[in-house]
Amino acid sequence: MNRLNLITLGTRDIVKSHQFFKELGFDTSIRGTESNPAIIFFRNEGTRIALYPLEELAKDIDENKPPAISSGFPGITLAYNAKSMEEVDEVLKKAESVGATIQKAPKKTDWGGYGGYFTDLDGYYWEVAYVEDWEFDESNMLIINDV
C-alpha cells in the first residue's frame with residue numbers, strides 16, 4: 001500500500017465548491033448534473049481529488065453512527081508545490097480572488113522555502129510552497145529524495 005490515489009473533500013455546498021475550484025483552474029468531471037452533482041472528480045496531475053457532500057461522506061463511513069461534523073481544524077492540509085516564488089504569489093492571489101481566505105501570507109520559511117496558506121470555501125487548509133532545489137517528475141509530482 002505505497003500510494004494515495006484519491007483525496008475526497010466533504011463539502012457543505014458542492015455547487016459553490018465546484019465553481020471555486022474551477023475558477024482556480026482545476027479541470028473537473030461531474031457525476032450527476034451541474035446544478036445537482038452527486039460527486040465531482042478532478043482531472044489533475046498526480047493524486048486525484050474529489051468533492052462529495054459532507055453529510056453523505058460521513059454516512060458513507062458509518063450509516064448508523066456517522067462521525068460528528070465539526071467546524072474546527074480538521075488536522076489535515078493539502079499542498080500545491082509551485083515551481084517559483086512568483087507562482088506561489090500568483091496562486092494565493094488567484095485563490096483569494098475566487099473566495100479563499102488567506103491564512104498566512106507568503107513569506108520565506110524557516111525550512112528554506114517560500115510559501116503561505118489559504119482556506120477554501122469549506123475550511124480546508126491549502127499550503128502553496130516553493131523550494132529552489134525541488135524537482136518534479138513527468139507528471140509534475142514532487143520528487144522526494146532520500147535524506
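This is a predicted model: local features need pLDDT of at least 70, side-chain atom pairs count only at pLDDT 80 or more; totals for chains, interfaces and linings use all residues.
Let's start with the largest pocket, which has a volume of about 920 Å³. Its lining counts 32 residues, and Asn 44, Glu 45, Ala 79, Tyr 80 and Asn 81 lie nearest the centre. By class, that lining holds 17 nonpolar, eight polar and seven charged residues. Which elements supply at least two residues each? Those are strand S5 (77–81), helix H3 (85–97) and strand S8 (125–130). S5 gives the most, with five residues.

Now for the second largest pocket, at about 490 Å³. Here 22 residues form the lining, and nearest the centre you'll find Leu 54, Ile 69, Ser 70, Pro 74 and Tyr 124. Strand S1 (6–11) and helix H2 (54–61) each bring at least two residues to this lining, which divides into 14 nonpolar, six polar and two charged.

Let me go back to H3. With 13 residues at 1.5 Å a residue, H3 should span 18 Å, and its end C-alpha atoms are 19 Å apart, so the two agree. Which residues of H3 are buried? They are Glu 87, Val 88, Leu 92 and Ala 95. These four cover an arc of only 130° around the axis, so they sit on the same side of H3. As a reminder, an α-helix has 3.6 residues a turn, so residues three or four places apart point the same way. On the other side of H3, Glu 90, Lys 93 and Ser 97 are exposed.

And what covers the buried residues of H3? The cover includes helix H1 (14–24), S5, strand S6 (101–108), strand S7 (114–119) and S8. Finally, after H3 comes Gly 99, with a positive phi near 115°. Thanks, everyone!

Conventions. Residues are numbered from 1 along each chain as its sequence is written. Side-chain values use heavy atoms; hydrogens and water are left out. On a 1 Å grid over the protein atoms alone, a cavity is a set of points where a 1.4 Å probe fits but cannot get out, and a pocket is an open set with protein on both sides within 12 Å along at least five of seven lines; lining residues have an atom within 4 Å of a point. Grid points are joined across faces, edges and corners, and a volume is the space filled by probe spheres set on the points. Ala, Val, Leu, Ile, Met, Phe, Trp, Tyr, Cys and Pro count as nonpolar, Asp, Glu, Lys and Arg as charged, and the others, Gly among them, as polar. The expected span of a helix is 1.5 Å times one less than its number of residues. Buried means under 20% relative accessible area, exposed over 50%, partly exposed in between (1.4 Å probe, protein chains only). The arc is that of the directions from the helix axis to the C-beta atoms. Contact means heavy atoms within 4.5 Å.
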